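Dear colleague,

I am passing on the structure below, followed by an account of what was found in it. Please read the notes with the model open beside them.

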Amino acid sequence: MPSIKRKSILNGITILSIAGLVCKFVGVLYRIPLAWLVTEEGLGLYQLVFPSYAMLLTISSAGIPVAISKMISYSLAENDPRTAKKTFRIALYILTFVGFISTIIMLLGSGFLSQSVGNPKTQTGFMVIAPALLIVCVMSAFRGYMQGLSDMKPTAVSQLIEQVGKVLFSLPLAYYGMQFGVEVAASYALLGISLAELIALIFMYYKYRTIHKSIDELYQDVTKTQYSSKNIAKRLIYMAVPITLGATVVPLSSFVDSTMLVNRLCSIGMTVDHASVLYGLYSGLVITLINVPTALAIAISMSLVPAISSAVSEHNMEKIRSNSRLGLRFAFLIGLPCSFGMSVMAKPLLHFFYSSLGTNNIEIAANLLEISSFTIVLFTVVQATSGILQGMQKQKIPMYTLALGVSVKIVLNYFFVSNPAINIFGAPISSLVCYLISTVPNVYYVNKYCAMKFDTMNYLLRPGLASIGMAIVLYLLQKVLPFGRLSTLVLFFIGVAVFFVLAVLCKALTKEDWNLIRNRKKKHV
């Protein structure tokens with residue numbers, strides 16, 4: 001029987017980062033044949049459904065898994081595995097019920113949702129993806145349980161299964177659906193998501209069955225209070241609600257785009273089909289590419305929550321500060337080069353993945369990506385600071401800051417997108433302002449509650465200089481190298497190498513970092 005081991009925060013970040021990057025890269029590759037199969041119009045229909053699904057999914061499943069992770073991590077740190085097991089059982093019941101209700105809501109509300117996104121052709125898509133809400137909710141309970149044990153591998157593998165399953169199911173279904181038209185093809189592609197999630201759930205249940213009895217081997221402090229099911233449920237919900245509301249803000253931002261952009265573009269004289277194509281370019285191509293590096297941000301956040309929560313239970317302020325500094329530094333170290341690199345390589349990257357979409361569409365998408373790429377660093381820092389604050393029982397703060405950011409985004413979208421001179425470019429500008437508004441107060445409160453100062457040199461200046469230097473090299477090389485896929489690959493690897501060399505020279509990466517990464521399985525942060 002496998003044993004339960006507490007793993008380091010960096011180990012968790014590494015595992016989830018690798019899995020997240022692979023998943024997002026597969027997601028980018030997946031959209032290449034998908035766009036070819038269902039055309040730009042079908043991709044637009046596909047993307048119009050997804051934000052509503054993501055928002056309902058976040059509402060139903062985002063908060064409780066994080067609460068499970070926190071409570072289980074806290075209970076194990078207190079030598080109370082009995083409460084940890086009971087917490088999981090109650091959370092599983094709650095998530096199953098919530099997932100069932102969410103599925104029913106999407107099925108019955110599919111007509112309303114299709115009208116709200118401005119395209120009635122999406123109704124079938126909403127119906128076929130609805131079962132995935134129940135499936136993912138149940139799977140989220142198992143993920144939260146494993147993360148509470150500081151075991152990130154099952155979550156990482158299940159994410160890979162989701163992405164690979166999407167390719168194996170959605171693409172053949174989309175190909176078959178094209179016999180009946182673009183609308184059916186987009187709906188069949190969405191049906192593939194539900195099937196992929198089901199396979200991932202089966203895997204998570206299998207992993208749970210192989211490890212859950214091992215928790216009985218842990219020492220139980222018999223003096224610990226035995227909490228009632230009602231009490232545990234209350235604690236879960238108390239923790240989950242603000243986390244859910246905070247997590248909902250990001251998919252709500254996408255939902256706002258899906259409901260506003262097409263309608264606002266139509267208000268300046270565009271046809272629904274043209275507006276849907278522009279929305280598809282922005283959400284299906286640009287946002288998909290941006291989501292590749294943001295997988296690292298989510299990995300940092302997911303690893304920080306149980307690590308900080310465990311340190312809080314031990315009243316170890318130095319460990320809290322150490323983990324918080326590490327999380328913040330890696331957030332900037334990852335976010336800054338990704339933002340600058342993706343911005344300067346916007347056109348080559350889009351041509352590399354989506355050359356079949358035509359020169360004009362790639363040009364529009366590249367201009368959007370040049371702006372949107374800078375949301376990466378802001379999103380990465382927002383995720384890291386949210387994870388720290390949630391681990392410190394301050395989960396309401398990121399909820400409020402993100403809500404404020406999205407409120408401003410809605411106002412800016414309304415005015416910018418309906419301005420003919422700005423149109424679709426109002427969306428990335430609004431998103432930048434949204435995340436900036438969320439980032440600043442989050443960082444302030446992390447420093448306040450961790451009793452530490454913002455390290456401008458190590459967080460911003462050193463990785464910033466390395467990132468700008470890399471961007472300059474990439475820009476100059478694009479003037480020399482021929483335009484094409486091979487050149488894009490060469491530029492990518494040169495960019496990575498240049499950044500690492502400059503990061504070492506600027507001391508953004510230190511010898512201690514390499515030692516920490518090399519020994520991550522042996523050391524505890």
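**A loop contact across the sequence**

Asn79 is found in the loop between α2 (63–77) and α3, and please keep in mind throughout that this is a predicted model. With a relative accessible area of 35%, Asn79 is partly exposed. Leaving aside residues up to four places away in sequence, Asn79 touches Tyr219, Gln220, Asp221 and Lys224. For one of these, Asp221, the C-alpha to C-alpha distance from Asn79 is 5.6 Å, although the two are 142 residues apart in sequence.

**The chain as a whole**

The protein chain has 19 helices and zero strands, and buried residues make up 58% of its 525 residues. Among contacts with a separation of 6 or more, 83% are between residues 24 or more positions apart. The chain exposes about 21,300 Å², of which carbon and sulfur atoms supply 67%.

**A nonpolar patch**

On the surface, Phe97, Phe100, Ile101, Ile104, Ile105, Leu107, Leu108 and Met127 form a nonpolar patch, with about 760 Å² of accessible area together. Helix α3 (residues 81–108) gives the largest share of this patch, seven residues, while Met127 has its place in helix α5 (residues 123–129). Met127 counts as partly exposed because its relative accessibility is 38%, which lies between the limits of 20% and 50%.

**Aromatic rings**

A search of the whole structure finds 21 aromatic pairs. One of them is the stacked pair of Tyr176 and Tyr188, at 6.0 Å centre to centre and with 15° between the planes. Tyr176 lies in helix α7 (residues 153–177) and Tyr188 in helix α8 (residues 182–211), so this pair ties together parts that are twelve residues apart in sequence. Tyr176 is partly exposed at 41% relative accessibility, and Tyr188 is partly exposed too, with a relative accessible area of 27%. Tyr414 and Phe415, by contrast, form an edge-to-face pair, with 5.3 Å centre to centre and 80° between the planes; here Tyr414 counts as partly exposed at 40%, whereas Phe415 counts as exposed at 54%. Elsewhere, Phe88, Phe142, Tyr145, Tyr205 and Tyr208 form one aromatic cluster.

**Salt bridges**

The structure holds four salt bridges. In one of them the side chains of Glu162 and Arg143 meet at 3.2 Å, N to O, and this pair links distant parts of the chain, with Glu162 in helix α7 and Arg143 in helix α6 (residues 131–148), 19 residues apart. Both partners are buried, Glu162 at 13% relative accessibility and Arg143 with a relative accessible area of 12%.

Another salt bridge joins Glu363 and Lys347, the closest N and O atoms being 3.0 Å apart. Glu363 lies in helix α13 (residues 359–372) and Lys347 in helix α12 (residues 346–354), so the pair ties together parts that are 16 residues apart in sequence. Glu363 is partly exposed at 30%, as is Lys347 at 34%, and the charged end of Lys347 also sits over the ring of Phe483, 6.0 Å from its centre.

Finally, Glu318, Arg321 and Arg325 are linked in a network of salt bridges, within which the closest N and O atoms of Arg325 and Glu318 are 4.0 Å apart. Arg325 is partly exposed at 35%, and Glu318 is partly exposed at 45%.

With best regards

Key: Residues are numbered from 1 along each chain as its sequence is written. This is a predicted model: local features need pLDDT of at least 70, side-chain atom pairs count only at pLDDT 80 or more; totals for chains, interfaces and linings use all residues. Side-chain values use heavy atoms; hydrogens and water are left out. Helices (H or I, at least four residues) and strands (E, at least two) are DSSP runs, numbered from the N terminus. Buried means under 20% relative accessible area, exposed over 50%, partly exposed in between (1.4 Å probe, protein chains only). Contact means heavy atoms within 4.5 Å. Accessible areas come from the Shrake-Rupley method with a 1.4 Å probe; for residues, only the protein chains shown count as cover. Patches are made of residues with over 30% relative accessible area and no salt bridge: like charges are joined within 9 Å, nonpolar side chains (Val, Leu, Ile, Met, Phe, Trp, Tyr) within 5 Å. Rings of Phe, Tyr and Trp (its six-membered ring) pair if their centres lie within 6.5 Å; planes under 30 degrees apart count as stacked, over 60 as edge-to-face and the rest as tilted. A charge sits over a ring if NZ of Lys or CZ of Arg is within 6 Å of the ring centre and within 35 degrees of the ring normal.
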